[in-house]
Amino acid sequence: MKLMPRLLPLAAVLCLDLLVPAVIFADDWRPIDPAEMALKAPVVEKDADAEAIFWEVRVDDSQVDQIAFNHHLRIKIFTERGKESQSKVDLQYYNYSRIKDIAARVIKTDGTMIELKKADIFDSTLVKLSGLKVKTKSFALPGIEPGAIIEYRWREVFPGGSANRLRLHFQRDIPVQNVSYYLKPYMGMGYQPFRMGDAKFVKDKGNFYRMTLTNVKAFREEPRMPPENEVRSWVFLYYTDQQKPDSERYWKDLGRTMFEATKTDMKVNDDIKSAVAGIVGDAASPEAKLQRIYDFCRTEIKNTSDDASGLTADEREKLKSNKSPGDTLKNKSGTGSDVDMLFAALAKAAGFDARFAMSGNRSDMFFDRTLANSAFLGAAFVAVKVGEKWEFFSPAETYTPFGMLGWPEEAQEVLITDPKDPIWANSPIATPANSLEKRTGKFELHPDGTLEGDVRIEYTGHLGSEKKEFNDDDSPAQREETLKEGLKRRMSTVEVSDIKIENVSDPVAPFVYSYRVRVPGYAQRTGKRLFLQPGFFEHGGAALFTAGSRQQSIYFPYAWSEQDDIEIKLPEGYALDSADAPGAIDPAATQQVSGHSVKISVTTDGKKLFYRRKFFFGGNQTIIFPASAYAGLKQLFDLVHKNDNHTITLKQPAATASN
Amino acid sequence: MRLILSLAITLISAASVFAGEQAPPWLQQAVAMNLPAYDKTVDAVVLVDDATVAVNEDGRVTKTHFYAVRILRREGRAYAFSRVGYIPESGKVREINAWLISSDGKVKKYGKDDTLDLAASPNDVYNEYRIRTIIARDDADAGMVFGFTHTSEDRSIFSQDDWSFQSSLPVINSRYTLMLPKSWRAESVTFNHPKIEPVVTGSSYTWQLSNLPAVPDEPLGPSLSNLVARLAVSYFPPTASSAPGIKTFATWAEVAAWMEELENSQVTLSEPLKAKALELTAHTKTEFEKIQAIGRYVQRVQYISIQTGLGRGGGYKPRTATEVFEKAYGDCKDKANLMRAMLKVVGIDAIPVSIYSGDPDYVKPEWPSPQQFNHCIIAVKVSPETKSPTVIEHPRLGRMLIFDPTAETTPVGDLPTYLQGSLALIDSKDSDGLVRMPVTPSDMNQLFRTAEVQLGSDGSMSGQIEERAGGQVAARFRTEFRQLSKSDYSSMVEQWLSVGVPGSKVSKVDPADSSDDGKFALNVTFASSSYAQLMQDRLLVFRPAIVSRREALALSDVKRTSPVVLKPNAYSETVRVKLPPDFAVDELPDAVKLETPFGSYTTSYDVKEGHLVFKRTLVQPGINIPAAQYAHVRRFYEQIRAAEQAPVVLARK
């Protein structure tokens, strides 16, 4: 999105208290429109329990030494639930900021008005530590009831604060009929709206600019939605002295500056030069050389930023900081950033062009280079030129395999620093095959329905990284408990033994579970039949999507795949009865986004059953879907769930003969 | 709040001072202790837990606490903290220090600069009670010993204290010492353990236990306070006049009289309050309807907690009824008091009731103390005309209807499950002891479910499910209905249905909350394209228990150490399935009939006129089952689980 025109052409220093908007904080409240009192149903969302009639914030950044916010809210209560959710107000602040001029009132349905008394405002210190205090001013609204209007306002002052890089949020937990931000800037200011429609700042009274949004829906979280910054309505403010901000120029300047700033961080000294030969060894291809350097940095250098480094907070504090990659190499330890810079230095020493690179962080928001502000670049790593192509590496992410970035940095525009002409490139996105959950099981089914056997599961790629990150900080006993709890959630009668958990903190090898399992009542038994779900690894799993409708986009952080190979020895005296396999989901039918297939076969003597399942999702680089695609997506996952729960019937031959 | 805490913890780490420190001798001794072997799932072991409480003649109490814990595995880092509460108005924390000793003997000391001062109840609008804490979690690791000592001072209004000899962790040594002025005496009671006799030296009393095993957390178990050894002490000056600032309680009657004195003066009336009470009851015909009308109104008064004057008994004294009425908010005791005042206007007497909310077995009759309570409800004096399952007959106070004005979803005539059967105190000088709260009959707390569905020959299913709930089952459903927005409630119903019928589409969700008669109804219309599985176009297999099937076994562990606590539960379900005309029943599961002391369960299957009628019933009383009978209870639920998973097989005609 293009930058909107700046608000003020020149820096203006306005530091007069006179400019504090007197109207808002006069003794009298703004009159209540009889229509507001008469309002019986919400305007913005029909089932809302409460709705803000207006929400106004005056942001006064005109003084050089402080920023002040004057907040004012008027809310209509429609239901008991609305009464409960809006009855208490907590205004949190720090001891370096101030909250004052709190006023509140309730206008009851019969028109009587109850003002909040000063004595009913409580000032508490929530947390106090060595000079820092987190405080709150709290009050309960008196006489609140369904049909009432509540109204409150307060002033918040941050000495030393400014509006630069400030985020203005336009959505609340309840719908709002009219949201207005009034802004009095200190100097030239730009702003970037997100999901704000056509709303713009327009000139208002008293050197304020106003931006208004009407009929704003409440913000609600939904499972598997994009990061909040990608779904909420908000505005980013920043200082600028440019009449017409030029984003290309901005990034070019930043790319040059960062190149200079990081030059010494990846400096190649004699130690690096002599080390690299040993590290690269006989590797011939550029990829092989880089992989050896990458694995060296992950396995031989202790990453002190990693929570599983074994360092306590104290020990981290004690560590001397490295001044150069040479120090990192010598000390065999460094922060995550040190590890990345050592990788860059070693790559340079091996003859590669290596640069400091930056991208957005997809767990926070999706980067767009038209947003000319470094605040949106939330990730940094190393770019290496291989042939004509730039490739990206971050060995600081210990468990991310060679050739991959952490998922938040995938599929992002990347700024590669350069002394003259910084380069834009796109970071790749890992394929479903890169993150594989490979599961094998060899079981025996007993006539009473008990399933017993051995299991091995390997996780690679992002799945492996997540498993390692989750487990590496736990004790071995806790890791086993985590595994057991996960299994019990699916199969409550499960008994697990002989657990082995391998490569938990190994940067290179896949994360592996192996265990023996016994599940009484796994297959259901009737008088003459046994009902068996051969898809053991999906048994008892819940459907992914259950809601009938959807408001937000659907977002999967990364693509993944699953592959199951199961062998089940069937009980003596039982044979398949009308057995079949579920249908498949052809990747072509999903534009290669997903695919699912199950093959079931039996040995000729009918004693063993083989079940082979394959599933992938996120193919064709597609991991985000608009809300309009929800029905189709739900249908897909419902079908996968149904096919995974496919049951086969076993029958005792004698009984079969009688039918 | 979590964010604030993490910020503060980060700051603590940054501010920490290192090294060269010496641990105090008591802690060094603790570090040197030889320990027995513990199960690999035990996080940590408490080496020393030693509190000394010194009581002054003027009622000032100084408490010194020494504590050391050895961390056995990484998860035990969470126990590396010190925490002491205080009320700024009446007390203070004089000193708090902690040490972390690594396995190589290095010592890190934590002091004032590492101490967080926190609001104990940040969700209250205001609560004076505060906490000082040192958190060493980020520095700690398996093999280390964390120890602390703190000294706090308070001017308690009570001459009572309690001590828990352990939490869930095993303990090597736990000791509580009470130092009294000369000629004072102490009495103690022990809970969950044979009586522990103190060692008395002069006017100093010491109670001690050693080598206590870990208490594992088990599902459906009693609360920890009913499993671990606890001590309650009361101390007395030689004469009441020798310590006028201290309130002593030797009997429950004394506790009740003290509570009554605090509460009675707060039953104030104003003209608007009187008018409201009269307005609410204007069209009522019976005593019960009057109570119902006022009870409903008070339950809707917003629950807001503002706790001041705690050091002077403020936690037990309600605000005046007129103030609560005017502001239309208050906490449990405020609500009980307002209801009392409004009932008074219409000529009905009521008395507040002190109770413990959350564990019916928490209050112990052997220790007369207001400190055993955390909640306030009301007992309304009723005539014989008022009949309700929540009426009790008090030997001195007569017929009393028990009601909780804070529990918004439980109407007059019912009582929340978590209060039923509890021992409680009616706050009247005529009350000579605890009374047992009523337990409503299981037929009042029942869920009736009917499903009328049609099965297609392709496996599709469509139909309606209707639920009718009463009593506390209805209260639970009502809570969900009232707490969730309309869209969230529908989502919850969709999610519930999707467990039994994956991929189902819900076309209608129709809840009906009838609070006055304690009922709640829900009608759901749904359709699923693939409920039953069609096999080779010959067999059609489906489970007739469509929703709320028992899929999981809560008692999943094979072994058990603590009793199983079952809450009362009863349901009755009839599912009528219209079968596809081209299929006939090939196989039905066997009917089940289970009769045990801890519940009965039945299923039946009947095929008639193209329909399958499946019925299931469960009646489970509220009961505590000893661990020795665990295998039987587990078997009971395993059989239910198997019965509800059992499929019906249809074959193409």
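Chains A and B meet in a contact that takes 59 residues from chain A and 64 residues from chain B. Everything described here comes from a predicted model.

**Where the two chains meet**

- Several elements of chain A give two or more residues to the side that touches chain B: α2 (80–86), β6 (122–129), β7 (132–140), α6 (313–318), α10, β27 (529–532) and α11 (630–644).
- With seven residues, β6(A) gives the most to that side of chain A.
- Sorted by class, the side of chain A that touches chain B has 17 nonpolar, 21 polar and 21 charged residues.
- Strand pairing crosses between the chains here: β6(A) and strand β6 (residues 116–119) of chain B run antiparallel and are joined by two bridges.
- In β6(B), Leu118(B) is the residue that stands opposite Val127(A).

**Chain A as a whole**

- Chain A holds twelve helices and 34 strands.
- Its C-alpha atoms fill a box of roughly 95 × 75 × 50 Å along the principal axes.
- Of its 659 residues, 40% count as buried.
- Take the contacts in chain A between residues at least 6 apart in sequence: 76% of them join residues at least 24 apart.

**Nonpolar cores**

- The largest nonpolar core has 133 residues, and those with the most contacts inside it are Ile293(A), Leu342(A), Phe343(A), Leu346(A), Ala347(A), Ala357(A) and Val382(A).
- Helix α8 (residues 336–349) of chain A supplies the largest share of this core, nine residues.
- Leaving aside residues up to four places away in sequence, Phe343(A) touches Ile293(A), Tyr294(A), Cys297(A), Val382(A), Phe393(A) and Pro395(A).
- Another core lies apart from this one and has 107 residues, among them Ala48(A), Ala68(A), Met189(A) and Ile377(B).
- As background, nonpolar side chains tend to be buried together in soluble globular proteins.

- Helix α4 (residues 270–280) of chain A packs with α8(A) at an angle of about 80°, and their axes are 9 Å apart.
- That angle makes α4(A) roughly perpendicular to α8(A), because angles of 65 to 115 degrees count as such.
- On the α4(A) side, Ile272(A), Lys273(A), Val276(A) and Ile279(A) meet Ala345(A), Leu346(A) and Ala349(A) of α8(A).
- The residues of this contact divide into six nonpolar, no polar and one charged.

**Helix α9, an enclosed helix**

- Why is helix α9 (residues 461–471) of chain A described as largely enclosed by the rest of the structure? Eight of its eleven residues are buried, so the rest of the structure largely encloses it.
- The buried residues of α9(A) are Gly461(A), His462(A), Leu463(A), Gly464(A), Ser465(A), Lys467(A), Lys468(A) and Asn471(A).
- Those buried residues pack against β22 (436–445), β23 (451–459), α10 (476–490), β25 (511–519) and β29 (560–569) of chain A.

**Strand β3 of chain B**

- β3(B) pairs in the antiparallel sense with strand β8 (residues 130–135) of chain B, over six bridges.
- Within this pairing, Ser82(B) stands opposite Ile134(B) of β8(B).

Technical notes. Residues numbered from 1 in each chain as written. Chains lettered and ligands numbered in written order. Predicted model: local features only at pLDDT ≥ 70, side-chain atom pairs only at ≥ 80, totals over all residues. Helix = DSSP H or I, 4+ residues; strand = E, 2+ residues; numbered from the N terminus. Buried ≥ 20, exposed ≤ 12 C-beta atoms within 10 Å, placed from the backbone. Contact = placed C-beta atoms within 7 Å. Core = buried A, V, L, I, M, F, W, Y, C linked by C-beta atoms within 7 Å. Axes fitted to C-alpha atoms, helices over the stretch in contact; angles between N-to-C directions. Parallel < 35°, antiparallel > 145°, perpendicular 65-115°, else oblique. Nonpolar A, V, L, I, M, F, W, Y, C, P; charged D, E, K, R; others polar. Pairing = 2+ DSSP bridges.
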